[in-house]
Amino acid sequence: MAKLRITDYLTELKTEAAGLRSVCEPGVLDRVAPSRPDTTVAGILLELARLYRWTVDALFAAPAEDRDVPQPPPPAAAGQAVLDAYDQALAAVLDAVEARGPESPAWTWAPVEWRAEFWHRRVAVATGLARWDLQMAVGATAPVPAALAAEAVTEAFEAFIPSGARRGAHPHANGLVQLFAQDADATWFVRLREGRVALLDQPDARTELQARAAGSASDIALALWGRLPFGICDVVGDERLLQALRVE
């Protein structure tokens, strides 16, 4: 199973945000990213700004089992104001991540331990994926760094899939799947049974794989998160089982 490889999410967040911001200017805000045909560059930036604001709220709210931290409303902005809203939200979340260490208590929406580390990883992963999307929109992409891409895969299985954030229902998906990120030396074994998904520490050696995808951590993460087809990887077995793992 994949192991945690990033301890300094703040550095990852700064690096990915800088790469993202370097391709964003007013003239590209109306472009549609091929990997996100449902939105524009401006839409992706405002989506990130909203996540950053939510992260700040969650990191500084007193955790309480009977009270959620609601998402803030989407920023209302157009043109240059989109970039201003993003920059302001980014500055605030960088300060918050630096101020609230990973072990600090913090509410989360996922079935994981309530620690600030959840939000540190969430904003770093979301920014890395968005950076790739926005570079796609201007025709100049670089892979998601291997360690961050491995975190994106692990986060999907630890937080998003258990919370029901999958692309469609797959009630007839059954079998054992392996994802192998060669450049990160990371492996995930996943059991699907009647559409339910369970991440395994190590499968029974006698159990046969029904599907396997091997490739770079970036390609596996981008396929799992719906940016690329799993065909970008070296796929063996029933690709429908891989499709059943994709998250929103």
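The largest pocket is lined by 23 residues, and R36, E47, R122, W225 and E248 are the ones nearest its centre. The structure is a predicted model, in which local features need pLDDT of at least 70 and side-chain atom pairs count only at pLDDT 80 or more, while totals for chains, interfaces and linings use all residues. Residues are numbered from 1 along each chain as its sequence is written, and side-chain values use heavy atoms, with hydrogens and water left out.

A pocket here is an open set of points on a 1 Å grid over the protein atoms alone, where a 1.4 Å probe fits and protein lies on both sides within 12 Å along at least five of seven lines; lining residues have an atom within 4 Å of a point. The largest pocket holds about 670 Å³ of space, a volume being the space filled by probe spheres set on the points, which are joined across faces, edges and corners. Its lining takes at least three residues from each of domain 1 (9–142) and domain 2 (166–244), with bounds from an automatic or database domain assignment. At least two lining residues come from each of β2 (36–40), α2 (41–60) and α4 (116–138), and α2 gives the most, with 6. Helices (H or I, at least four residues) and strands (E, at least two) are DSSP runs numbered from the N terminus. By class, the lining of the largest pocket has 12 nonpolar, 3 polar and 8 charged residues; Ala, Val, Leu, Ile, Met, Phe, Trp, Tyr, Cys and Pro count as nonpolar, Asp, Glu, Lys and Arg as charged, and the others, Gly among them, as polar.

The second largest pocket, with about 260 Å³ of space, is lined by 11 residues, of which V112, R115, E117, R121 and E158 lie nearest its centre. Two or more of its lining residues come from each of α4 and α5 (146–160). The lining of the second largest pocket comprises 4 nonpolar, 1 polar and 6 charged residues.

V82, L83, A85, Y86, A89, L90, V93, L94, A96 and V97 of α3 are buried (under 20% relative accessible area with a 1.4 Å probe, protein chains only; exposed is over 50%, partly exposed in between). They cover an arc of only 165 degrees around the axis, so they lie on the same side of α3; the arc is that of the directions from the helix axis to the C-beta atoms. The face turned away from this buried side carries the exposed Q88, D95, E98 and A99.

Finally, D185 sits in the loop between β3 (175–181) and β4 (186–193). Most residues other than glycine have a negative phi, yet D185, not a glycine, has a positive phi of about 50 degrees. D185 counts as exposed, at 61% relative accessibility.
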